[in-house]
Amino acid sequence: MSFFVVGTDTEIGKTVVSAMICAKLADHGRPAYWKPVASGSSEGRDVEDVARLSGVEVIDETYLFRDPLSPHLAARSEERWVDPASLTQRYRELLEEAPDRGLVIEGIGGVHVPLNDDGYLWSDWMQELDLPSVVVARSTLGTINHTLMTLECLRSRGLKILGVVLNGPTNPENRSAIRDFGKVPILGQLLPLDPLEGEGLKISSKTVDLEGKLLAALR
Ligand SMILES: Nc1ncnc2c1ncn2[C@@H]1O[C@H](COP(=O)(O)OP(=O)(O)O)[C@@H](O)[C@H]1O
Ligand SMILES: [Mg+2]
């Protein structure tokens, strides 16, 4: 079984939290990281960060665009088009290649990011796959609104939410508001790391209660 790691926004910590989850799950099973659609390759690739930070198997992007733009715009600028059917086909191939492998699938931007000029959204593809999600949210001011909206959006599409991982400095009030008002488990909190490297991330992951739910989802 596989799951999504989605965020309330871009630059919110999806990649770092995906790496932390992969490193943690590698002690128990065979996770692999996949970012199906990525933009901004001119500034680096999430897949390289996750490989460096977690050491787990990573799978090449199905669509990789140069400019750091919403995928519908990044694709348009290269006269390309994200075809959801080819994403789904790739997903099926990955499952067939290694049925014992659990995919940790990183989203792009927030969940309503458009993938193409038809207005097909990332959340439409999530619904097509019908996999559960981990939601990454920042811990600081503004997170309650963004996180509750993201949870509502996923639930309105009938998607299961495994829980929220908060990223940033500790903020107990925001944590309890998201847990209580969003009726969602907080799987953990990732504090700011300096330097950001694999060993520190692995140590941080010990304070995050990921195993129960995520391992169950991976199986
Ligand atoms: N807990 C953290 N400690 C240190 N740096 C972080 C942390 N979380 C995120 N960052 C940094 O913030 C930036 C955005 O994080 P990233 O995981 O790439 O976000 P997203 O995948 O949601 O766009 C990156 O440069 C990343 O290295
Ligand atoms: Mg990312």
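User: Which strand is Glu106 found in?
Analyst: Glu106 is found in strand S6. Keep in mind that this is a predicted model.

User: Is Glu106 buried or exposed?
Analyst: Glu106 counts as buried, because its relative accessibility is 1% and buried means under 20%.

User: What does the side chain of Glu106 make polar contacts with?
Analyst: One partner is the side chain of Tyr33, at 2.6 Å. Another is the side chain of Lys35, at 3.1 Å.

User: OK, on to the metal. Which residues are the protein donors of the magnesium ion?
Analyst: They are Thr15 through OG1, Asp46 through OD and Glu106 through OE. These donors lie 2.0 to 2.2 Å from the magnesium ion, which is ligand 2.

User: What spacing do those donors follow along the chain?
Analyst: The pattern is T-x30-D-x59-E. Asp46 lies in helix H2, residues 46-54, and Glu106 lies in strand S6, residues 102-110. So the pair ties together parts that are 60 residues apart in sequence.

User: And Asp46, what does that count as for accessibility?
Analyst: Asp46 has 23% relative accessibility, so it counts as partly exposed.

User: New topic: ligand 1. How many residues are around it, and which come nearest?
Analyst: There are 14 residues around ligand 1. Glu11, Lys14, Thr15, Asn167 and Leu193 come nearest. Thr15 is also one of the magnesium donors.

User: Which helix gives the largest share of that shell?
Analyst: That is helix H1, residues 14-25. Helix H1 gives 3 residues to the shell around ligand 1.

User: What about the backbone? Which distances do Glu11 and Gly13 have to oxygen atoms of ligand 1?
Analyst: A polar backbone atom of Glu11 is 2.8 Å from an oxygen atom of ligand 1. For Gly13, a backbone N or O atom lies 3.0 Å from an oxygen atom of ligand 1.

User: Which atom of ligand 1 does the Asn167 side chain lie 2.9 Å from?
Analyst: A nitrogen atom of ligand 1. On the Asn167 side, a polar side-chain atom takes part.

User: How much of ligand 1 does the protein cover?
Analyst: The protein covers 73% of its accessible area. On its own, ligand 1 has 550 Å² of that area.

User: Last one. What kind of space does ligand 1 take?
Analyst: Ligand 1 takes the space of the largest pocket.

Conventions: Residues are numbered from 1 along each chain as its sequence is written. Chains are lettered from A and ligands numbered from 1 in the order in which they are written. This is a predicted model: local features need pLDDT of at least 70, side-chain atom pairs count only at pLDDT 80 or more; totals for chains, interfaces and linings use all residues. Side-chain values use heavy atoms; hydrogens and water are left out. Donors are N, O and S atoms within 2.8 Å of the metal (3.2 Å for Na, K and Ca); water is not among the atoms, so sites may look incomplete. Helices (H or I, at least four residues) and strands (E, at least two) are DSSP runs, numbered from the N terminus. Buried means under 20% relative accessible area, exposed over 50%, partly exposed in between (1.4 Å probe, protein chains only). A residue is near a molecule or strand if one of its heavy atoms lies within 4 Å of it. A polar contact is a pair of N or O atoms within 3.5 Å; within protein, one must be able to donate a hydrogen and the other to accept it, and residues adjacent in sequence count only if both atoms are side-chain atoms. Accessible areas come from the Shrake-Rupley method with a 1.4 Å probe; for residues, only the protein chains shown count as cover. On a 1 Å grid over the protein atoms alone, a cavity is a set of points where a 1.4 Å probe fits but cannot get out, and a pocket is an open set with protein on both sides within 12 Å along at least five of seven lines; lining residues have an atom within 4 Å of a point. A molecule sits in a cavity or pocket if more than half of its atoms lie within 2 Å of its grid points.
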